[in-house]
Amino acid sequence: MNEELILAMSRLDEDKVLEIVRTMRGQGMNTTSIIHALNCGMLTVGEMFEKGTYYLADLIVSGSIYRQALSVISPENESLTEQTENMGKVLIGVVKNDIHDIGKDIIVGSLRSEGFCVVDLGINVPCEDFISAVVEYKPNILALSGTMTFAVDEMEMIIKSLNEKGLRNTVSVIVGGISVNKAIAERIGSDYYSEDPIETLALCRKLILR
Amino acid sequence: MPLALLACETLRDELEYASKLTGVKYDTQWVESGLHNYPDKLRNQMQERLDSFFGYDKVLMAFGCCGNSVIGLKTGDFELVIPRVDDCISMLIGSVEKRIQVGQNGGIYFLTPGWLRGERNLWAEYSYAVEKYGEDTADMVMESLLGNYTYLGLLDTECYDVQEVLPSIGHMAQKLKLTQKIIPASVDYICNLLVGPWEEDRFLVVPPNSIVENFLLRIK
């Protein structure tokens, strides 16, 4: 059934995905395996987008199907994993002068459904607001999102500011977005770079559980 | 001093106009439009074209930094001149700072007729979504993509008849639930690219036989 779910997700067959998820839940399958299969399907969707087979519309539809599948698995606001303890706190936002938030919103939804406490600062967030939020919320992880090329400059400024305020060692920083890659993330002083929401989720899990 | 041009198809109209204004025309290699969502692919295509340039002192890039796709590019026996802008929109508006300023009172989705000829443009995305998923889902998709935008901004670069394209832009704006707006723009930056001077604050000049690295686009 896992393979069927992966295939249905990768084909963006909404009805099939929801039908299989309902069946799997009905059979008592654990949520971790169901989510894992959904994530595998999402990875294939991402690969197909990279190849040019899928459009942005398909990516967005995949996000919608994913969220619907999560809500079938569990009622709203309940953690979907067997771990009921709060998984840790993530502060996330799209940096200043950038208003692209699709990736961020998918990440927020995925993290919350895994039991993370997520503080979402929204879009076009200035450096000083990120810093104030780090002080106020004391997150384990700071996730910076940006699509525009100049978003990277802003991300570097935020990381420098964390250093200047003596906050850098209090939080793990993840950066992501079209204009970022591993080398750029390292150059600007980020701890991690994430290519997509699935990777971000896995990274946050790893960081909290270590 | 032999010069050549590496250009994005999106800017074809504006480059032709700038060539007319400046009186220069260079050997040009074109890269297809619509790769701004795929910086690695874009870098590969740029590099493939750069590797074919021989006998030139300078190669001028009619591109922005485009998702940092320019980072990692290798030059041959030529200098590479890269405009210090994020993408072609800022080049046509005048600078990154001006682009940000123009968008202060409501997010603007900028376009030109050249942009609309590209394969993976916004209207192509919408049309694809309508055909594959129906209008309701297409509207949901567009809301996700454009929810933070207020305007569909047609850049008037003075190289095409704005009145001729306005009806189709108006139709698009209506379908995408955006307000149509005409934004003054120009080919001044492109003209500067074509004839110089290539001053430090507007252009990154990469030496021959080197790699574009340790470079990040800075907002002033």
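A: Chain B and chain A bury about 3,000 Å² between them. Carbon and sulfur atoms give 58% of that area. Buried area here is the accessible area (1.4 Å probe) that two parts lose on being put together, summed over both. This is a predicted model, in which local features need pLDDT of at least 70, side-chain atom pairs count only at pLDDT 80 or more, and totals for chains, interfaces and linings use all residues. Residues are numbered from 1 along each chain as its sequence is written, chains are lettered from A and ligands numbered from 1 in the order in which they are written, and side-chain values use heavy atoms, with hydrogens and water left out.

The contact (heavy atoms within 4.5 Å) draws 37 residues from chain B and 32 residues from chain A. Three salt bridges are counted between chain B and chain A. A salt bridge needs a side-chain nitrogen of Lys or Arg within 4 Å of a carboxyl oxygen of Asp or Glu. A:Glu156 forms one with B:Arg218, and their closest N and O atoms are 2.4 Å apart. Between chain B and chain A, 18 residue pairs are in polar contact, both residues at pLDDT 80 or more. A polar contact is a pair of N or O atoms within 3.5 Å; within protein, one must be able to donate a hydrogen and the other to accept it, and residues adjacent in sequence count only if both atoms are side-chain atoms.

Now the side of chain B that touches chain A. The elements giving two or more residues to it are helix 2 (39–50), helix 4 (96–102), helix 6 (122–133) and helix 7 (135–146) of chain B. Helices (H or I, at least four residues) and strands (E, at least two) are DSSP runs, numbered from the N terminus. Helix 6 of chain B gives the most to this side, with six residues. By class, the side of chain B that touches chain A has 19 nonpolar, 10 polar and eight charged residues. Ala, Val, Leu, Ile, Met, Phe, Trp, Tyr, Cys and Pro count as nonpolar, Asp, Glu, Lys and Arg as charged, and the others, Gly among them, as polar.

Two backbone details in chain B complete the answer. The peptide bond from B:Gly196 to B:Pro197 is cis, with omega near -5 degrees. B:Pro197 is found in the loop between helix 9 (188–195) and strand 8 (203–206) of chain B. B:Asn209 lies in the segment after strand 8 of chain B. Phi of B:Asn209 is near 50 degrees, a positive value in a residue other than glycine.
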